[in-house]
Each structure stands twice: as structure tokens, then as C-alpha cells.
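This report goes through one model and takes up its charged pairs, core, pockets and backbone in turn. It is meant to be read with the sequence and coordinates at hand.

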Amino acid sequence: MKTWIVAVAMAVLPVMNAEELAGEYAAQMHEVGSGLMLHANQTFEYFFSYGAADYMAKGTWRRDNDAVVLTSSGAEAKPFRVVRSAPGTAGTVRVYVVAPNGRGVPHMDVKLTASGGVQTGRTSDDGLASFRSKGEGKSVSIHVPVYDIEAGPFELTAGHNDVWLEINGEAITTLRFRDERLRVVDGALHMTYWKGERPLVYKKQ
């Protein structure tokens with residue numbers, strides 16, 4: 001009898017529908033700036049800021065039982081691409097990391113793999129990492145420290161010691177949610193995407 005009563009009580013508990021869930025939510029956590037906007041047309045906007053790293057996402061959302069499910073829109077892009085290379089100077093490999101406007105991007109970690117071994121360096125204020133190499137350069141890899149992203153290796157054209165790689169900042173900062181479930185608990189949304197000890201809780205504003 002008690003089991004039957006509990007089941008009936010659970011069946012009549014109010015469930016928030018999509019219209020009631022729509023609105024602006026803010027994360028309840030110190031040192032993190034994050035918010036989620038669920039639009040009534042089933043689209044969403046999301047941002048997350050921690051330290052020097054800023055992330056964002058846009059896409060569609062839906063209600064699925066006790067959760068809100070987020071799926072990012074748009075095609076996934078690569079964070080870097082080789083835009084050109086040149087013969088350069090023998091014995092020196094120069095790696096330029098540039099933005100789409102052509103300006104150099106500093107503080108990128110670069111790894112050069114050459115016939116003479118592996119070397120590491122970091123781009124200067126003008127986006128240049130230069131290496132003295134006894135052997136022919138084979139490939140370069142890029143690490144973005146702030147976002148902990150690895151890209152490459154990018155194969156170098158034989159006889160070319162200068163290479164330019166263009167960064168795609170949007171590809172680095174855009175989160176790719178794929179059916180990401182946020183549990184609905186007492187009107188708040190609980191996100192586990194960031195793999196912390198506890199869910200990141202978003203309360204409606």
C-alpha cells in the first residue's frame with residue numbers, strides 16, 4: 001500500500017515544460033563566470049569564463065524527461081591550418097603563427113620535429129618561433145597553453161624552412177555540445193560537462 005501511494009504521488013508531481021524552462025540562467029560558483037540562455041524557440045546561447053580562458057556555444061535545446069539537452073550548431077573547424085611556406089634560410093626553421101588579419105599571435109608553444117631531433121619554443125610578440133636545426137625540418141605541432149589544445153603535427157614541405165600557420169580562435173573557444181544533458185533539479189540546471197567534483201549549478205534569473 002505504501003509503495004502504491006508513493007508511486008501515485010510521484011506521478012502527479014509538476015514537471016516544468018519547455019516554455020517554463022526558457023529563460024536566463026547563471027552559474028552559482030565563485031571564480032567562474034558562466035551563463036546559459038534558453039530561448040523559447042528552442043535555441044540556446046552559452047558562455048563560460050575562467051581565468052584567461054573564455055568559451056561560448058550556440059545551438060538548439062530540448063526537454064528530455066528530467067533534463068535539458070544541448071546540441072551545438074555549425075560545422076566543427078580545425079584550430080590551425082598551414083597557409084603558406086617558403087624556402088627561407090638554410091639551417092634555420094621559422095614558424096609564424098598568425099591571426100586571420102595577418103597579425104602575429106604570441107605565447108603559442110611550438111614543437112619542431114626535424115631529422116636532427118625535436119626542439120620546442122614559444123612564439124614571440126610578433127608570432128615567430130625560430131629554431132636552429134642541423135637537419136631538415138619534418139613537421140611542427142602547436143600547443144595553446146591557456147586552452148590546453150594540441151594541434152598537428154603539420155608536415156613541412158621539403159626544402160621549405162619558413163612556414164605560416166593561421167589560428168582559428170572561434171574553433172578554439174567554441175564548445176561542441178553533443179546531446180549534453182543538464183539535469184533539472186528544483187528549477188535549476190545541473191551541468192557535469194566540466195568534470196568537477198560536483199555539478200555546476202545554473203539558477204534561473
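Is D64 buried, partly exposed or exposed? The model is a predicted one, and in it D64 has a relative accessible area of 24%, so that D64 counts as partly exposed.

**Charged pairs**

The structure holds ten salt bridges, and D64 takes part in a salt bridge with R62 as well as in one with R181. R62 is itself partly exposed, at 39% relative accessibility, and R181 is likewise partly exposed, with a relative accessible area of 37%.

| Salt bridge | N to O distance |
|---|---|
| R62 and D64 | 4.0 Å |
| D64 and R181 | 2.7 Å |
| D109 and R122 | 2.7 Å |

The salt bridge between D64 and R181, at 2.7 Å from N to O, links distant parts of the chain, since D64 is in strand β4 and R181 is in strand β14 (residues 180–185), 117 residues apart. D109 and R122 also form a salt bridge, with their closest N and O atoms 2.7 Å apart. This pair connects strand β8 (residues 109–114), which holds D109, with strand β9 (residues 117–122), which holds R122, the two residues being 13 residues apart. D109 is partly exposed at a relative accessible area of 22%, and R122 is partly exposed at 46%. Through salt bridges that share partners, R62, D64, D66, D179, R181 and R183 are joined into one network.

**The nonpolar core**

The largest nonpolar core has 47 residues, and those with the most contacts inside it are Y46, L70 and F80. Strand β4 gives the most to this core, with four residues. In soluble globular proteins, nonpolar side chains tend to be buried together. Leaving aside neighbours within four places in sequence, F80 is in contact with V97, M108, I142, V144, A151, F154, E166, I167 and I172, a list that includes the charged residue E166.

**Pockets**

The largest pocket has a volume of about 410 Å³, and its lining consists of 17 residues, of which M29, G196, R198, P199 and L200 lie nearest the centre. Strands β3 (43–50) and β16 (200–204) each supply at least two residues of this lining, which divides into nine nonpolar, four polar and four charged residues.

By class, the lining of the second largest pocket holds five nonpolar, four polar and four charged residues.

**A buried loop residue**

Which residues does S133 touch, not counting those up to four places away in sequence? They are G91, V93, L112, A114 and Q119. S133 is found in the loop between β10 (128–132) and β11 (137–144), and S133 counts as buried because its relative accessible area of 10% falls under the 20% cut-off. The C-alpha atoms of S133 and N161 are separated by 9.6 Å, although the two residues are 28 residues apart along the chain.

**Backbone geometry**

Most residues other than glycine have a negative phi, and most peptide bonds are trans. In this model, however, a cis peptide bond joins G152 and P153, with omega at about 5 degrees, and P153 has its place in strand β12 (residues 149–155).

H107, which is not a glycine, has a positive phi of about 65 degrees. H107 lies in the loop between β7 (92–98) and β8, where its relative accessible area of 47% makes H107 partly exposed. D186, also not a glycine, has a positive phi of about 50 degrees and is found in the loop between β14 and β15 (188–191). With a relative accessible area of 81%, D186 is exposed, the cut-off for that class being over 50%.

Methods: Residues are numbered from 1 along each chain as its sequence is written. This is a predicted model: local features need pLDDT of at least 70, side-chain atom pairs count only at pLDDT 80 or more; totals for chains, interfaces and linings use all residues. Side-chain values use heavy atoms; hydrogens and water are left out. On a 1 Å grid over the protein atoms alone, a cavity is a set of points where a 1.4 Å probe fits but cannot get out, and a pocket is an open set with protein on both sides within 12 Å along at least five of seven lines; lining residues have an atom within 4 Å of a point. Grid points are joined across faces, edges and corners, and a volume is the space filled by probe spheres set on the points. A nonpolar core is a set of buried Ala, Val, Leu, Ile, Met, Phe, Trp, Tyr and Cys residues joined through side-chain atoms within 4.5 Å. Buried means under 20% relative accessible area, exposed over 50%, partly exposed in between (1.4 Å probe, protein chains only). Contact means heavy atoms within 4.5 Å. A salt bridge is a side-chain nitrogen of Lys or Arg within 4 Å of a carboxyl oxygen of Asp or Glu.
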